[in-house]
Amino acid sequence: MKNILVRLAKRIFAGIIMVLVMASFTFFLVRMMPGNPVSAKYNELIMRGMTPVQAMDEVRVMYGFIPHQPLWQQYLHYLVQILHLNLGTSISYEGVPVLHIILDAAPWTIILVTTGLIASFIVGVLAGVIAAVKRSSPTGNAITLSGSIMHGIPQFVMGLFLAYVFTTLWAILPFGAPYNAALTPGFNGPFISSLVRHAILPVATYALSSYGGWLLTMKSSVITVLGDDFILASEVRGIKAKTRVRYIAHNAILPLFTIFALSIGFMFGGSLFIEDIFDYPGLGNLLLHAIDARDYPLMSGAFLLITVAVIVANIFADFLYSVVDPRIRR
Amino acid sequence: MSLAATTEAPSKNSPGPAGHPSFLKNAWRVIAKKPGRLLGLAIIVLFTLMAIFGPYLYPRQLPINPNAIYAPISWHYPLGTDFEGTSNLALIVTGARYVLFAAAMAAVFTVVFGTALGLISGYYLGWPDSVIMRVTDFILTIPGFPLLVVLSTIWNFGQPMAMGFVLGITGWGGLARAVRSQTLSLRERGFIEAARTLGLSPFHILFKEILPNVGSYIAMNLLLAVTGSIYAEVGLFFLGVVPFQVNNWGVMLNLAVFSAGAMSSTQALPYLLSPLLALLILTLGVVLFLDAVDEMFNPRLKEA
């Protein structure tokens, strides 16, 4: 148990470093931009007739750093602000703190990604086991083929296809806002059903686009474990089939944790396409809006939150892995 | 990528180096064995030719035709036309160069970075290994696509080279890890130990002894990196975060969905479907061909 906690602490520490590195990256990115938006904004405010002091205050609130300080001082100031969770104020939503906007958008993305991930994991892993056990039968081949095809189709193609079929061809599912604006949010039947109906298509896109990866990895993992000596030994010793399946499952699922990291990043990356196609108000959509509107504080904030979400999910997966894999406990 | 990582280590009789005279003959024998592989090769060759010669087939400024806006599919316009009456086929053919060139560059960068870092990390161990693996973990963890989108605000992606470089920089993590784990198991093998005892230089051991044995991973990753990069770059243009300086498939998709309203009007549907069709056919070609590459480079699958 102690080992697990030490490992967890190390992971959290590495995660914090990673977040700070990404924050620094966006800081320097905004500073390196052609026409440096910070001084551009400062000059614009001066032109509008503000006094330098007023203009500087305004820019400081907006971007979280001050235009006329040496770069390292600005950088330190920015990092301190980040640690206080102050990400500046948005430019396109005038005067609203960035943190407020991104925290509003975050749940939509996180809930959709998590639902899609869990759904594709369960279906993909089960299908992978079947494909591995029946690998020389037509059923197994068909399942493997479905995985390869799903794995090969890019997310935006999948999203466009689902949007076309279910909102244009047969207009049976809505898209756009996360729920029907005419309904009052709350714990009531119509509201929840509207929430679910709006989420079906995005979640299906997430799930279908990652199903193939789980399936193919699980299949090859199960085939490897089936060839292991301990499975043969347990069969020879006459251990019950049910117990043997548990042995197989326990060992075959371990490699999946290592691709979890890739999958999480892929899902959050996909939120840009999926939320853009279905016009869903999550972090991906926000990031795109911020780039379109040249709203750099919001852009940095949204990107940072996506990074944090991915890192937290990774730490969580690693923690689960160390609980499941007995070799790490020793 | 994940599949390649879980297959077993190739055995020690290494495939001949690429320059070996029998290599091409052997490659052809492997490809010709299944019609699917031949089809895959044909698709890849067709698209490569399109990328190289496509822009020369049409005038620099593609002709527009105000009388044939969103024309249906016909002999004259095999894939219909766009919002200006330009043939979609011409747009696809001329747009292939940017897409494929950038993808090829991305694949080359991915393979060079991933292979070099994986070999060094797995062979030398010690501090180079821990530094490289830290960086690899970092690259693998940060969400690559949002990073690309953010980078597009400052980086000029108009040049396929720039696009390929950035895609390569953000995409080498998986390959580096796979190459490292292969190198780790290879360095304990007899033939590597023999080479070390003979006093051969680390350069020779790394590139002449170990590299051929990880060839199958590299070849598989090269092709997977090509498709992955095509999706990423077309995706970037589709989202419209990169300024449209050049015509390519992603720009077509973006205009079709967000300007032409192809999702709700059947009239503009060919404009949307043409780039999708091009993408899917190319992917199909790569997937079919991948099977042959696996057999070509993986000594375990090779028949005596």
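Let's start inside chain B: in helix 8, the buried residues are B:Gly173, B:Gly174, B:Leu175, B:Ala176, B:Ala178, B:Val179, B:Arg180, B:Gln182, B:Thr183 and B:Leu186. Please keep in mind that this is a predicted model.

**Helix 8 of chain B**

- Helix 8 of chain B covers residues 173-186, which makes 14 residues.
- From first C-alpha to last, helix 8 of chain B reaches 20 Å, close to the 20 Å expected at 1.5 Å a residue.
- Because 10 of its 14 residues are buried, helix 8 of chain B is largely enclosed by the rest of the structure.
- The cover over those buried residues includes helix 4 (88-124), helix 5, helix 7 (160-171), helix 9 (190-197), helix 10 (202-210) and helix 11 of chain B.

**Where chain B meets chain A**

- On the chain B side, 36 residues are in contact with 39 residues of chain A.
- Together the two chains bury about 3400 Å², with 83% of it on carbon and sulfur atoms.
- Two or more residues each on the side of chain B that touches chain A come from helix 1 (2-6), helix 5 (126-141), helix 6 (144-151), helix 11 (215-239), helix 12 (249-259) and helix 13 (269-297) of chain B.
- Helix 6 of chain B gives the largest share of that side, six residues.
- Sorted by class, the side of chain B that touches chain A has 27 nonpolar, eight polar and one charged residues.

- The rule finds zero salt bridges between chain B and chain A.

Methods: Residues numbered from 1 in each chain as written. Chains lettered and ligands numbered in written order. Predicted model: local features only at pLDDT ≥ 70, side-chain atom pairs only at ≥ 80, totals over all residues. Heavy atoms only, no water. Contact = heavy atoms within 4.5 Å. Buried area = accessible area lost by both parts, 1.4 Å probe. Salt bridge = Lys/Arg side-chain N within 4 Å of Asp/Glu carboxyl O. Helix = DSSP H or I, 4+ residues; strand = E, 2+ residues; numbered from the N terminus. Nonpolar A, V, L, I, M, F, W, Y, C, P; charged D, E, K, R; others polar. Expected span 1.5 Å × (residues − 1). Buried < 20%, exposed > 50% of the residue type's maximum accessible area, 1.4 Å probe, protein only.
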